[in-house]
Structures are given as C-alpha cells and as structure tokens.
Amino acid sequence: MQDHKKDCGTKNLDTFPAMDFASIEFPKEEFIAYAVCGKECGTREFIVDGETQVCARCGNPMFRTDVRKYLLAEEDGRHNKSFRIVTEGPVELKYNLTLEDYPEVESNSVLFPKEIYTTFVVCTEDCGACGFIVEGQTDICEYCGHHMLHTEVRKYILQDPK
C-alpha cells in the first residue's frame with residue numbers, strides 16, 4: 001500500500017486519510033456537466049455530474065445545465081499523482097439560491113472541450129468524502145466545505161462532439 005503521507009513528508013497531509021493509489025478505479029465513462037452559479041457570483045465551470053457542485057467562490061451550489069458523455073482515454077495510463085495542499089480554511093456552505101437566481105443557459109450553446117482531465121479527490125479524515133472532479137475546477141466538499149486533496153488524474157475524451 002502506498003501512503004501519501006510518506007510520499008510527501010509533510011505534516012499538512014496528516015488531516016487526509018492514507019491512500020492506496022492502486023485501488024483507485026476510474027469509471028470507463030463520465031458525464032461532464034456545464035454548471036453555473038448565481039447571477040451575482042457569475043462562476044461557470046465544468047463539473048463531473050453527480051459529484052460536488054459547490055462554488056469555490058461563494059459557497060452556493062451551482063446549477064447543472066448541458067451534460068456530455070466522456071470516455072476514459074486508454075493511450076497513456078495513469079498520470080503522475082497531483083497533490084495539492086490547501087492551507088485556507090473551509091468555505092461557508094450556503095443553500096439560499098432559488099432557480100430564478102441562476103442565469104439562463106440556452107440548450108446546446110456550450111462548447112465542451114474535446115478532452116478533459118478528472119481527478120480522484122478525498123476530503124479530510126474527519127469528513128471521509130471522496131469523488132471525482134474536473135481538474136482545475138471546484139474541489140469544495142459539499143458536506144463540510146473543505147478543499148479536497150487531489151490524487152490520481154486521468155484523461156477523458158468527448159464521445160460525440162457536437
């Protein structure tokens with residue numbers, strides 16, 4: 001078993017559970033959604049459908065609009081581990097937006113990238129949440145508001161570009 005605490009040699013990772021990277025299984029397909037935050041915030045980004053949708057900027061849930069199917073790329077196997085140590089405190093989770101607070105996004109108006117990278121993330125040991133995110137997008141735990149630790153990264157290819 002590979003222990004990330006030994007790999008990085010830093011006490012900042014002590015709040016996260018030890019990981020056995022060989023046991024992480026990426027799904028053969030993932031649905032990626034274009035999500036928007038409230039009109040006042042303005043955040044727009046791609047998220048893994050069914051995973052965290054908390055806006056890192058304001059703490060509100062983002063609204064999913066268009067969704068596309070991506071397939072796991074086979075060509076180059078696992079990428080290097082992508083650790084991210086977050087020092088800032090948790091985001092205050094808010095659930096005070098109504099449907100009218102979100103901007104309208106016209107169906108099929110979003111240009112999805114041909115390839116996308118997703119990361120397996122884990123929250124603190126106290127929380128225990130884990131899941132997949134689009135690399136570079138929100139990594140806020142929807143249960144406790146902490147930033148999650150990025151581990152393994154894999155590439156996905158858009159199934160049917162429109």
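Predicted model: local features only at pLDDT ≥ 70, side-chain atom pairs only at ≥ 80, totals over all residues.

Q: Which residue forms a salt bridge with Lys-155?
A: Side chains of opposite charge can pair when their charged atoms come close. Here the partner is Glu-115, with the closest N and O atoms 3.8 Å apart. The pair links distant parts of the chain: Glu-115 sits in strand E4 and Lys-155 in strand E6, 40 residues apart. Glu-115 is partly exposed, at 40% relative accessibility.

Q: How many salt bridges does the structure hold?
A: Three. One of them joins Lys-69 to Glu-29, at 3.1 Å between the closest N and O atoms. Lys-69 belongs to strand E3 and Glu-29 to strand E1, again 40 residues apart. Another joins Asp-49 to Arg-64, at 2.7 Å. Asp-49 lies in the loop between E2 and E3, and Arg-64 in strand E3, so this pair ties together parts 15 residues apart in sequence.

Q: In what order do the strands form the sheet?
A: The order is E2-E1-E3-E6-E4-E5, in an open sheet with antiparallel pairing. Strands E2 and E5 stand at the edges with a single partner each, so one side of each has no neighbour in the sheet. The twist averages 35 degrees from one strand to the next.

Q: How many bridges join E3 to E6?
A: Three. Leu-71 stands opposite Ile-157 in E6.

Q: Is His-150 buried or exposed?
A: His-150, in strand E6, is buried at 1% relative accessible area. Its side chain makes polar contacts with the side chains of Asp-139, at 2.9 Å, and Glu-135, at 3.4 Å.

Conventions
Residues numbered from 1 in each chain as written. Heavy atoms only, no water. Pairing = 2+ DSSP bridges. Helix = DSSP H or I, 4+ residues; strand = E, 2+ residues; numbered from the N terminus. Axes fitted to C-alpha atoms, helices over the stretch in contact; angles between N-to-C directions. Buried < 20%, exposed > 50% of the residue type's maximum accessible area, 1.4 Å probe, protein only. Polar contact = N/O pair within 3.5 Å; in protein donor to acceptor, adjacent residues only side chain to side chain. Salt bridge = Lys/Arg side-chain N within 4 Å of Asp/Glu carboxyl O.
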